[in-house]
Amino acid sequence: MIEPSGSPVVDVADDREAWLKARLPLDGLERRVASIDAELTIDRVEPIGFPYLLCLYRWNTRRWGMSRQELMNCLVDRCQGVSTTVEGIEFGTPLRAATLPDPELETPPLERKARQHVMQVRRHRLKRRSASGLELMRCQTVRKPLWRITARHERHGDLDLLIDALNGGYYLL
């Protein structure tokens, strides 16, 4: 089994920040890295809890004479301001010994960014211009689990990868 190394132990039992559930646990990393390139071997793993703002929005729609309530979650990166809508939010336990970057952006502009993103997605889904009646239900700071991998490749030498623990996507650093 892979042991996290090189990061300070941080107490993440803070009730103000929730963690999204890691669907790619530590014991699944070797398989994921091998699927990226079979020649990669893992030297070091560093867990990271990246800060996001999670906003939940609600609105009412009327279709075929029936009224129903719709909900949409939006995650906004607290360091770069990149937003995305997400479905099926699951909360999990914090990653042990995780590095916790500080949020760099203030909350109010990120809430506006989330609202704009949700309005745009909603307009696209409903196929109409108007997107009024959008109500913010709650916003909270959450940590998204990431794995920073230092790996060795036979031809390319040492490589750093950032692997998303929610969807398994990776980024070459």
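Colleague: Is Cys-139 buried, partly exposed or exposed in this predicted model?

Modeller: Compare its relative accessible area with the cut-offs: buried is under 20%, exposed is over 50%. Cys-139 comes out at 26%, so it counts as partly exposed.

Colleague: Which cysteine does Cys-139 join in a disulfide?

Modeller: The general idea is that a disulfide is a covalent bond between the sulfur atoms of two cysteines. Here the disulfide joins Cys-139 to Cys-55, with 2.3 Å from S to S. Cys-55 sits in strand E2 and Cys-139 in strand E6.

Colleague: What is the handedness of the link between Cys-55 and Cys-139?

Modeller: Look at the angle about the S-S bond. For this link it is 105°, and the link is right-handed. The structure holds one disulfide.

Colleague: How far from Cys-74 is the nearest cysteine sulfur?

Modeller: That sulfur belongs to Cys-55 and is 6.6 Å away. A disulfide needs the sulfur atoms within 2.5 Å. Cys-74 is in no disulfide. Cys-74 is buried, because its relative accessibility is 0%. Cys-79 is also buried, with a relative accessible area of 16%.

Colleague: How do E2 and E6 pair?

Modeller: Read the sense, then the bridges. E2 and E6 are antiparallel over 18 bridges. One example is Thr-41, whose bridge partner in E6 is Arg-152.

Colleague: And in what sense do E2 and E3 pair?

Modeller: Antiparallel again, over 12 bridges. Leu-53 stands opposite Val-76 of E3. The hairpin of E2 and E3 has two residues between the strands. Trp-64 takes a positive phi there, near 50°.

Colleague: Which side chain does Thr-141 contact?

Modeller: First place the residue: Thr-141 lies in strand E6, residues 135–153. In a regular strand the side chains alternate between the two faces of the sheet. Thr-141 is buried, because its relative accessibility is 16%. Its side chain makes a polar contact of 3.0 Å with that of Arg-78.

Colleague: Which residues lie nearest the centre of the largest pocket?

Modeller: They are Tyr-52, Lys-144, Leu-146, Asp-164 and Leu-166, out of 20 lining residues. The space in this pocket is about 400 Å³.

Colleague: Which strands supply at least two residues each to that lining?

Modeller: E2 (40–63), E3 (66–77), E6 and E7 (157–164). Sort the lining by class next. It has 10 nonpolar, three polar and seven charged residues.

Terms used: Residues are numbered from 1 along each chain as its sequence is written. This is a predicted model: local features need pLDDT of at least 70, side-chain atom pairs count only at pLDDT 80 or more; totals for chains, interfaces and linings use all residues. Side-chain values use heavy atoms; hydrogens and water are left out. Helices (H or I, at least four residues) and strands (E, at least two) are DSSP runs, numbered from the N terminus. Buried means under 20% relative accessible area, exposed over 50%, partly exposed in between (1.4 Å probe, protein chains only). A polar contact is a pair of N or O atoms within 3.5 Å; within protein, one must be able to donate a hydrogen and the other to accept it, and residues adjacent in sequence count only if both atoms are side-chain atoms. On a 1 Å grid over the protein atoms alone, a cavity is a set of points where a 1.4 Å probe fits but cannot get out, and a pocket is an open set with protein on both sides within 12 Å along at least five of seven lines; lining residues have an atom within 4 Å of a point. Grid points are joined across faces, edges and corners, and a volume is the space filled by probe spheres set on the points. Ala, Val, Leu, Ile, Met, Phe, Trp, Tyr, Cys and Pro count as nonpolar, Asp, Glu, Lys and Arg as charged, and the others, Gly among them, as polar. Two strands pair if DSSP finds at least two bridges between them.
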